[in-house]
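These are my notebook entries on one structure, set down in the order in which I looked things up. The model is shown first.

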Amino acid sequence: MDLSGIISISGRPGLFKVIAQGKNNIIVESIIDKKRFPAYSSDRISALEDISIYTHDDDKPLKDIFDKFHQKLDGKAAPSHKEDIVALQEFLSDILPDYDEERVYISDIQKLFQWYN
């Protein structure tokens, strides 16, 4: 799974694809509705390829976790991020049994499922 060029912008729902780079901004396109707009250096931008999940041993890149989701679900959608958090935690434990429950917050788990879907 290739996550290069896919970003998250704090304060904006969904994920975005980097389209072009300007002098003081980047042009991004929403993955959901394909609308384009500029994102500035003052926005908190996170590249998905740089995000990882805490485990008891070592951090696991998001790419590897999404690959495990894809394998377990045979390419179908994961449970909704709005489902019961206990069910989401159990699903994540099946895929990543050694994830650190103390450092991976509930909001992180919900975001993980939302991003995958």
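I began with β1 and strand β2 (residues 16-21), which run antiparallel and are joined by 2 bridges. I take strands as DSSP runs of E with at least two residues, and helices as DSSP runs of H or I with at least four residues, numbered from the N terminus. Two strands count as paired if DSSP finds at least two bridges between them. Ile6 has Lys17 in β2 as its bridge partner, and Ile7 stands opposite Phe16 in β2. The hairpin of β1 and β2 has 6 residues between the strands, and in it Gly11 takes a positive phi near 90°.

Before going further I noted the basis of the entries. The model is predicted, so I kept local features only at pLDDT of at least 70 and side-chain atom pairs only at pLDDT 80 or more, while totals for chains, interfaces and linings use all residues. Residues are numbered from 1 along each chain as its sequence is written, and side-chain values use heavy atoms, with hydrogens and water left out.

Next I followed β2 to strand β3 (residues 25-30): 5 bridges join the two, and they run antiparallel. Ala20 has Ile27 in β3 as its bridge partner. The hairpin formed by β2 and β3 has 3 residues between the strands.

I then asked in what order the strands of the open sheet stand. The order of the 5 strands is β4-β3-β2-β1-β5, with antiparallel pairing. β4 (36-40) and β5 (45-47) each have a single partner strand and stand at the edges, so one side of each is left without a neighbour in the sheet. From one strand to the next the twist averages 45°.

The C-alpha trace spans about 45 × 30 × 25 Å along its principal axes.

I turned to the helices. Helix α1 (residues 62-73) packs with α3 at an angle of about 65°, the axes being 11 Å apart; axes are lines fitted to C-alpha atoms over the stretch in contact, and angles run from 0 to 180 degrees between N-to-C directions. The crossing of α1 and α3 is right-handed, that is, the near helix is turned clockwise from the far one by less than a right angle. Leu62, Ile65, Phe66, Phe69, His70 and Leu73 in α1 meet Leu112, Phe113, Trp115 and Tyr116 in α3, where contact means heavy atoms within 4.5 Å. The residues of this contact divide into 9 nonpolar, 1 polar and no charged. Here Ala, Val, Leu, Ile, Met, Phe, Trp, Tyr, Cys and Pro count as nonpolar, Asp, Glu, Lys and Arg as charged, and the others, Gly among them, as polar.

Last, I looked up the largest pocket, whose volume is about 480 Å³. A pocket is an open set of points on a 1 Å grid over the protein atoms alone, where a 1.4 Å probe fits, with protein on both sides within 12 Å along at least five of seven lines; lining residues have an atom within 4 Å of a point. Grid points are joined across faces, edges and corners, and the volume is the space filled by probe spheres set on them. Of the 24 lining residues, Ser8, Ile51, Asp108, Lys111 and Trp115 are the closest to the centre of the pocket. α3 gives the most to the lining, with 7 residues.
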